[in-house]
Amino acid sequence: MPSPTSAVEPVPAGRTARRLEWQHLPPPLRQQIEDRCGSPVVEALSQGGGFTPGFASVLVCADDSRHFVKAASTKAQRLFAESYREEARKVAALPPEAPAARLRWLIEDEWVALELEYVDGRTPKRPWRSADLDRVLDTVEQMTRLLTPAPSGLALASIEEELSGFVDAWEHLRTTRPDLPHLEEAADLAAGFAEVTAGTSLVHTDLRDDNILLGKDGRVWICDWNWPVVGAPWVDIVFLLVQARGDGLDVDAVLAERPSTREVPAEDVDRVLALLAGYFFRQADEPPPPASPYLRQHQAWCAQAVWGWLNERRGWT
């Protein structure tokens, strides 16, 4: 991975996924899907965002209806099939007021396939624009209020349990980047993340442009509910702002203005940024997965964005 001071290009928005296409699905599964949709499929629009190889397409049917369907093989794509199964479980347990596309049906056999409510909309434009960001942040804050406390039916782990391994990333950096300026200070910050991020709110943990849809009806939809945890109500906003910071927006001004973050101590935010920096640095060092050619570049770019943000906030050179 490049050093923290060298430029990493952002990944091509909306063109990062290498996915299965409709014709790659076995005929019996295609028939099951068409039966569930209620009409033959005449066009399949593969969704290019994200970093997983599972099938994810908008299916246009002969009756002009549209359906968003995901699918993965339980044998050839076991991890992704389990991820889709878990996403279906969690979406089904969300209250109907949550800004999430509703689960229409689920197939669990040699393939896991599911349909989520079709949303007529677009992902936020990249680089992030303030108008899009404001719409999304309004929805995230509304979502947090609705999902505090987190619905018990989701049976979620705490943020400490799920993200404790991120702290270990700094041990990796002690070996791979021993000369990284302020390494020990950042590691100490990350080590204290659990206390400041504890809470009872549902935290999505994976908010980024390709997991968000801006509906033509004015609503904002949050997608990919695979990794939620229970934690502090402001954490998702900090996670989301890493991208906006990398795209050049004044995200500290956003933190100072937002009801969910303006009273959060600066040190608490810095602990989360240090946690994320270690994680992204470590992940960017991993070999590129064959089915996701842009993943490491994305993680390297995020590492650069969050590390620059933390350095600026701490006054580090």
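**Notebook: rings, cores and a hairpin**

I began with the rings and got six aromatic pairs; Phe, Tyr and Trp rings (for Trp, the six-membered one) pair if their centres lie within 6.5 Å, with planes under 30 degrees apart called stacked, over 60 edge-to-face and the rest tilted. Before going on, I noted that this is a predicted model, where local features need pLDDT of at least 70, side-chain atom pairs count only at pLDDT 80 or more, and totals for chains, interfaces and linings use all residues. Residues are numbered from 1 along each chain as its sequence is written, and side-chain values use heavy atoms, with hydrogens and water left out.

**Ring pairs**

I picked out Phe166 and Tyr279, a stacked pair at 4.1 Å centre to centre with 15° between the planes. Phe166 sits in helix α4 and Tyr279 in helix α10, so the pair ties together parts 113 residues apart in sequence. Helices (H or I, at least four residues) and strands (E, at least two) are DSSP runs, numbered from the N terminus. Both Phe166 and Tyr279 are buried, meaning under 20% relative accessible area, against over 50% for exposed and in between for partly exposed (1.4 Å probe, protein chains only). I also found a cluster of Trp170, Phe281, Trp307 and Trp316, linked by ring pairs.

**Cores**

Which residues have the most contacts inside the largest nonpolar core? I got Trp170, Trp225, Leu241 and Trp307, in a core of 86 residues. Such a core is a set of buried Ala, Val, Leu, Ile, Met, Phe, Trp, Tyr and Cys residues joined through side-chain atoms within 4.5 Å. Helix α10 (residues 266–284) gives the largest share, eleven residues. A second, separate core has 16 residues, including Ile33, Val41, Leu59 and Trp105.

**Helix α5**

In α5 (residues 169–176), I found Ala169, Trp170 and Leu173 buried. Down the axis, the buried residues of α5 fall within an arc of 95°, so they line one face of the helix; the arc is that of the directions from the helix axis to the C-beta atoms. They pack against α4, α6, α10 and α11.

**Strands**

Strand β8 (residues 212–215) runs antiparallel to β6 (residues 121–122), joined by two bridges; strands pair if DSSP finds at least two bridges between them. Gly121 stands opposite Gly215. Three bridges join β8 to β9 (residues 220–222), also antiparallel. In that hairpin, with four residues between the strands, Gly218 takes a positive phi near 95°.

Note on methods
Contact means heavy atoms within 4.5 Å.
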